[in-house]
Amino acid sequence: MSDTTPAPPAAWPLVALFTAGYVAPYLLPTVVGRLDAHLPLSPAQAGLVGTALLLGSATAGFTLASRIPRRGPRPLARLGLLLAVLGYGTAASTTLIPLVVAGVVVGGFGSGSATAVAAAGIAGHRDPHRISSVGLLSVSATAGALYLTLPHLGGGHGLPFAAIALVAAVAWPATGRLGGAGRPGPAAVRSAGRPPYPRAGAVLAGCLLFWSLTQEALWGVSGRIGAEQAGLSEATLGVVFAVALGAGLLGVTGASAFGTRLGRAVPIGAGTAAIAGCVVLTASADGLPGFAAGEILWNAVYPVVLSYLIGLAAALDPRGRWAVFAGAASSLGTACGPVVGSLLAEAFGLPGMGLVLGGLLLAVAGPLTAVALHAGKGAAAVTAAAEPELRIEIPAPALATAAGRPRRVLLLSPAARRSRNRERDAAKV
């Protein structure tokens with residue numbers, strides 16, 4: 001009984017933590033824009049502050065990946081939310097640049113901690129894809145509401161930081177439904193080393209870094225593409241982005257309802273290829289139709305593929321370590337994306353940047369699809385191995401031996417029986 005895995009936490013606390021952790025990256029454009037407009041920072045310096053936030057988030061993921069099973073989700077989640085409130089609250093309440101930067105880094109680490117705990121908990125559920133889809137839907141709706149509300153609440157650099165801190169504070173009661181630290185049983189001790197499927201997990205994390213980098217690289221120059229190349233006004237750009245956000249909400253809702261009926265390989269591979277086409281279309285657009293089509297289709301497909309990637313990381317390790325590592329790698333790629341996008345645009349022009357980013361997406365689509373196929377086979381093997389054997393002792397005379405003693409009958413599930421037969425055949429060879 002000591003090997004029994006504790007029941008996973010309820011879904012809604014994980015969705016709340018997921019939202020509190022992800023809302024900061026979603027609000028990054030308005031954060032950077034207000035830092036540039038209201039503090040003595042150049043656009044490049046404001047962008048570096050945003051990069052520092054994302055690097056702090058990625059650092060939290062890499063730091064906590066192996067500690068969540070030992071420390072327990074509740075104390076780490078509360079620490080992360082506390083750091084988010086203190087860090088972003090400090091950044092919101094001062095105009096001193098060093099304190100703003102320090103608050104952003106601390107807050108980013110807190111956001112990454114909340115995301116890491118949520119990812120580990122989601123990985124332990126029976127249907128991680130559905131929960132991650134609900135989490136993406138929640139954070140998209142929260143960020144959308146803030147984008148519509150913040151412009152009407154006045155100026156200043158601190159308002160977006162205060163909003164992020166408020167979301168973290170609202171998520172605090174959800175931590176009461178998470179498990180605390182406890183003594184792990186023998187099964188937990190045996191699995192406390194490196195995560196399973198190290199090669200597939202490393203490929204997934206590495207590909208996710210470049211996958212996220214391309215998304216953020218395009219997002220960082222989307223306003224420039226629309227204004228300079230497509231010739232759109234600021235008001236028209238706002239309408240396009242609002243419609244694109246709505247398309248993203250619809251995409252996540254559809255992904256949650258559809259589930260994994262096609263597995264993960266097809267949505268991830270085909271979806272990444274479709275995103276590559278959207279990137280090329282957006283970057284080469286010279287008018288409203290092409291730009292709007294590229295942005296809306298991209299924002300509709302991107303969160304769908306992301307939800308399947310989160311589910312894929314969870315399938316590789318139900319204890320959530322690969323989900324945390326993959327999330328940290330994604331944050332690292334997101335942090336580097338705006339810089340890479342700007343450099344590529346200067347070197348090759350906006351259409352050339354789109355071709356490079358599209359080619360990079362196609363290059364990672366194959367390995368991601370291969371990992372998804374491998375994870376599906378691995379999950380089936382784990383399920384077969386985890387199905388318990390049922391031993392029933394039937395007394396004599398129904399099944400009596402020559403000595404009159406009862407005979408043990410071993411009843412196996414079909415999957416366990418097939419696994420046992422394969423082992424027996426291998427032993428004969």
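**Core packing and aromatic pairs**

The largest nonpolar core of this structure takes in 103 residues, and Leu-35, Leu-204, Trp-211 and Met-353 have the most contacts inside it. Helix α14 supplies the largest share of this core, with 16 residues. Keep in mind that the model is a predicted one.

Trp-211 is a handy place to start looking around. Leaving aside neighbours within four places in sequence, Trp-211 is in contact with Thr-272, Ile-275, Tyr-302, Val-305, Leu-306, Leu-309, Leu-361, Val-364 and Leu-368. One of these partners, Thr-272, deserves a look of its own. Thr-272 sits in helix α12, which covers residues 265–283. With a relative accessibility of 0%, Thr-272 counts as buried, because the cut-off for that label is under 20%. Where does the side chain of Thr-272 reach? It goes to the backbone oxygen of Ile-268, at 2.7 Å. Not counting residues up to four places away in sequence, Thr-272 also touches Trp-211, Pro-267, Val-305, Leu-361, Ala-365 and Leu-368.

Next come the aromatic rings. A pair of them is described by how far apart the centres are and by the angle of the planes. The count comes to seven aromatic pairs. Tyr-22 and Tyr-26 make up an edge-to-face pair, at 6.5 Å centre to centre and with 75 degrees between the planes. The two tyrosines belong to helix α1 (residues 11–26) and are four residues apart, so about one helical turn separates them. Is Tyr-22 buried or exposed? Its relative accessible area is 16%, so Tyr-22 is buried. Phe-62 and Phe-325 form a tilted pair, with 6.4 Å from centre to centre and 40 degrees between the planes. Phe-62 lies in helix α3 (residues 43–64) and Phe-325 in helix α14 (residues 321–386), so this pair ties together parts that are 263 residues apart in sequence. Phe-62 has a relative accessible area of 40% and is partly exposed. Phe-325, at 23% relative accessibility, also counts as partly exposed.

Methods: Residues are numbered from 1 along each chain as its sequence is written. This is a predicted model: local features need pLDDT of at least 70, side-chain atom pairs count only at pLDDT 80 or more; totals for chains, interfaces and linings use all residues. Side-chain values use heavy atoms; hydrogens and water are left out. Buried means under 20% relative accessible area, exposed over 50%, partly exposed in between (1.4 Å probe, protein chains only). A polar contact is a pair of N or O atoms within 3.5 Å; within protein, one must be able to donate a hydrogen and the other to accept it, and residues adjacent in sequence count only if both atoms are side-chain atoms. Contact means heavy atoms within 4.5 Å. Rings of Phe, Tyr and Trp (its six-membered ring) pair if their centres lie within 6.5 Å; planes under 30 degrees apart count as stacked, over 60 as edge-to-face and the rest as tilted. A nonpolar core is a set of buried Ala, Val, Leu, Ile, Met, Phe, Trp, Tyr and Cys residues joined through side-chain atoms within 4.5 Å.
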